[in-house]
Amino acid sequence: MNDKIVHALRGVSLEIRAGEYVGIVGPSGSGKSTLLQLIGGIDTPTSGTVEILGTPIGALRDRELTRLRLTRLGFIFQRFHLLPVLTARENVELPMAEAGVPARQRRGRALELLTYVGLSDRADHRATQLSGGEMQRVAIARALANRPALLLADEPTGELDAATGQEILGLFRRLNKDGTTLVVVTHDETLAAETARIIHLLDGRIVSQREPEAPAPHPRSVSAP
Amino acid sequence: MTGLAWSWKSLGRHRIRTALSIAGIAVSSAMLLDMVMLSGGIEQSFTELLLARGYQIRVTPKGTLPFDTEATIDSISGIVQRLRAEPAVAEAGAVLGAALYGRKGDSLVTLFGYGIQPEAQALYRLDSGADLAPDDTAGLLLSSPAARLLSAAVGDTVELVGRLDPQVATAAVRKRLAVRGMVDWVYDYKDQPSVGAVLTVIQGLTGRRTGDQGSLIMVKLSQDSAAASVTAGLRRSFPRLEVNSVADLARQFKQRLVYFRQLSYILGTISLVVTVLLIATLLTITVNQRLAEIATLRAIGISRRTVVGQVVAEGVLLTLIGSALGIALGLITARYLDDILTSFPGLPAAFSFFVPRRGTLTTAAVVLLLTGCVAGVYPGWLAARLPIAATLRAEAT
């Protein structure tokens with residue numbers, strides 16, 4: 001076996017400000033997903049530091065980091081990863097249940113979020129009964145459940161057809177407009193073009209950044225429902 | 001959405017697999033329950049049988065147990081009188097057990113005869129007709145199998161024949177007795193044709209009248225708690241006889257059954273291990289099929305505790321359903337097995353190998369519940385230790 005160490009990222013220095021809409025692009029293996037996982041605190045760097053909302057995550061214990069992900073971050077995955085045995089509403093309620101939100105309150109918020117993503121009529125359908133686009137919208141609602149400060153999406157349109165991908169883009173636009181900070185990893189040029197700042201990665205390094213022309217707003221909290 | 005509801009839905013993903021697993025757990029649980037019932041049931045059933053009529057002490061010939069041999073106690077009526085004079089003794093009655101014959105037309109049928117003292121009998125329950133009076137030397141009691149064999153009923157006359165031994169050319173002794181009642185003999189084996197008459201009648205039929213012989217004396221005490229001390233006192237008073245309390249007999253019986261108990265423990269443990277392996281295998285497969293889902297849950301902030309709890313809850317749920325079915329199955333199979341085992345010759349029909357007790361059922365249920373938790377430990381650990389980032393990367397490729 002060749003145990004050669006591969007550095008997925010090298011010398012990356014990046015700051016994301018509240019309210020930004022950032023796209024991370026690059027070819028396969030360039031380290032995009034690894035960078036997103038580092039930002040999201042689900043992976044740790046071999047050297048260097050990652051601060052989330054001013055907290056160096058290297059100093060956090062697993063329980064604290066898990067709690068941080070639960071309450072301050074939202075994740076959207078390419079393959080949605082909803083629990084197939086649960087309904088759309090139950091999937092959205094899951095992070096709130098974990099956070100200790102009372103049942104009635106989380107039920108109300110889940111329906112509010114499903115309405116926000118246009119799925120109020122599908123709340124009681126199981127995940128397996130939903131289309132790809134619907135599942136991704138449920139995943140977005142789930143990511144928003146605990147009012148995160150930062151939303152991270154990994155190839156959110158990768159499994160969707162063009163039309164459905166456009167719907168998701170529209171939703172992201174609306175979320176950012178409503179004050180949600182978004183970081184999106186994508187191959188999708190259309191999606192990348194939507195973002196205010198595009199970071200190009202190649203072989204684990206940032207090779208270029210297109211900064212926003214105007215400073216992004218700095219809301220204290222997201223205003224999505 | 002509670003943890004158990006979530007687990008229930010998760011188990012519903014693969015219904016056939018879950019159903020097969022539950023069936024497997026039910027069979028293992030049934031076997032475990034049967035073995036637990038068997039390990040303590042024989043002893044309990046034996047004790048209950050000995051105490052069926054409330055007599056706590058048995059006096060037998062030295063070195064023997066009741067009806068263990070054909071040895072007899074001489075001058076048994078006098079010993080009974082002495083026992084009845086003891087302050088702690090409420091009742092005492094002599095019993096003589098012997099083979100007899102009954103005439104049916106021109107032929108003789110083999111019977112078992114009990115010579116009893118009706119004023120202190122501990123061997124039967126009256127089903128119909130009348131009981132014997134202490135001095136009723138013309139009356140007879142029949143068991144249902146004996147009545148069938150002799151085609152006799154209450155009010156009929158039956159001829160009993162004793163001392164019929166062609167090999168030693170002993171002359172037969174005959175006596176005609178009127179059937180007073182139909183009784184259920186407590187210690188009879190299944191379909192045993194037994195008859196009972198007052199002690200002197202059976203002694204006369206079997207040639208044991210001269211020596212006033214009997215097989216055993218059954219003693220009932222005024223207080224149950226005095227059994228041990230009275231037994232010790234009677235041993236001192238009657239050094240040439242064997243005096244045992246029911247507790248002593250149960251202890252001796254238990255020693256004889258030690259291998260039986262060990263076997264039931266071994267089989268019970270095997271069924272428990274099979275249950276653990278079955279559940280652990282199913283949950284491990286389930287966890288391995290849901291690695292991406294678990295990694296996602298961890299990524300969105302679901303704690304290790306919740307994830308492990310959900311896996312363990314699935315194990316507990318499987319165990320609960322499987323055990324509930326297993327307990328029902330175990331009780332049914334125990335009943336059938338009991339019927340088969342108690343059909344063996346020489347075993348009292350009232351004896352039971354499998355005795356369902358609340359304590360036994362509770363023990364089995366608790367053990368099975370713990371089994372479900374233990375079985376969830378390894379798959380739960382797998383889920384808890386799952387590397388989130390690596391799993392999500394592997395899932396994406």
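**Entry 1: terms and ground rules**

I count a residue as buried if 20 or more other C-beta atoms lie within 10 Å of its own, as exposed if 12 or fewer do, and as partly exposed in between, with C-beta atoms placed from the backbone. My helices (H or I, at least four residues) and strands (E, at least two) are DSSP runs, numbered from the N terminus. This is a predicted model, where local features need pLDDT of at least 70 and side-chain atom pairs count only at pLDDT 80 or more, while totals for chains, interfaces and linings use all residues. Residues are numbered from 1 along each chain as its sequence is written, and chains are lettered from A and ligands numbered from 1 in the order in which they are written.

**Entry 2: strand S6 of chain A**

I began with strand S6 (residues 181-185) of chain A. How many of the residues of S6(A) are buried? I found 5 of the 5 buried, so S6(A) is largely enclosed by the rest of the structure.

Next I looked up the partners of S6(A), taking two strands as paired if DSSP finds at least two bridges between them. Strand S5 (residues 150-154) of chain A runs parallel to S6(A) over 5 bridges, and A:Asp154 has A:Val185 as its bridge partner there. S1(A) is also parallel to S6(A), joined by 4 bridges, with A:Tyr21 partnered by A:Leu182.

**Entry 3: on from S1 to S7 and S8**

I followed strand S1 (residues 21-25) of chain A to strand S7 (residues 197-202) of chain A, and these two run parallel with 4 bridges. A:Val25 has A:His200 as its bridge partner in S7(A). Which residue of S8(A) stands opposite A:His200? I read off A:Ser208. S7(A) and strand S8 (residues 205-210) of chain A are antiparallel, with 5 bridges. Their hairpin has 2 residues between the strands, and A:Asp203 takes a positive phi near 50° in it.

A reminder to myself: most residues other than glycine have a negative phi. A:Phe80, not a glycine, has a positive phi of about 65°. I placed A:Phe80 in the loop between strand S4 (73-76) and helix H3 (88-99) of chain A. Buried or exposed, I asked of A:Phe80? With 24 C-beta neighbours inside 10 Å, A:Phe80 counts as buried.

A:Glu155 has a positive phi too, near 45°. I found A:Glu155 in the loop between S5 and helix H6 (162-177) of chain A. A:Glu155 is buried, with 21 other C-beta atoms within 10 Å.

**Entry 4: confidence**

I checked pLDDT, the predictor's confidence in each residue, from 0 to 100. Chain A averages 85, and 91% of the residues score at least 70. Over residues 214-224 of chain A the pLDDT is below 50, though this stretch has 26 contacts in the model beyond near neighbours in sequence. I call two residues in contact if their C-beta atoms, placed from the backbone, lie within 7 Å. Where pLDDT is low, the predicted coordinates should not be read in detail.

The mean for chain B is 87, with 97% of its residues at 70 or more. In chain B, H1(B) has the lowest confidence, at a mean of 79, and strand S5 (residues 139-142) of chain B the highest, at 96. For the complex I noted an ipTM of 0.87 and a pTM of 0.71 from the predictor.

**Entry 5: chain B overall**

I counted 13 helices and 10 strands in chain B. Its radius of gyration is 31 Å, well over the 21 Å that the globule rule gives for 397 residues, so chain B is more spread out than a compact globule. The radius is taken over C-alpha atoms, and the rule is 2.2 Å times the number of residues to the power 0.38. The C-alpha atoms fill a box of roughly 100 × 50 × 40 Å along the principal axes.

**Entry 6: where B touches A**

I found 19 residues of chain B in contact with 22 residues of chain A. Helix H1 (3-11), helix H9 (291-299) and helix H13 (388-396) of chain B each supply at least two residues of the side of chain B that touches chain A. H13(B) gives the most to that side, with 5 residues.
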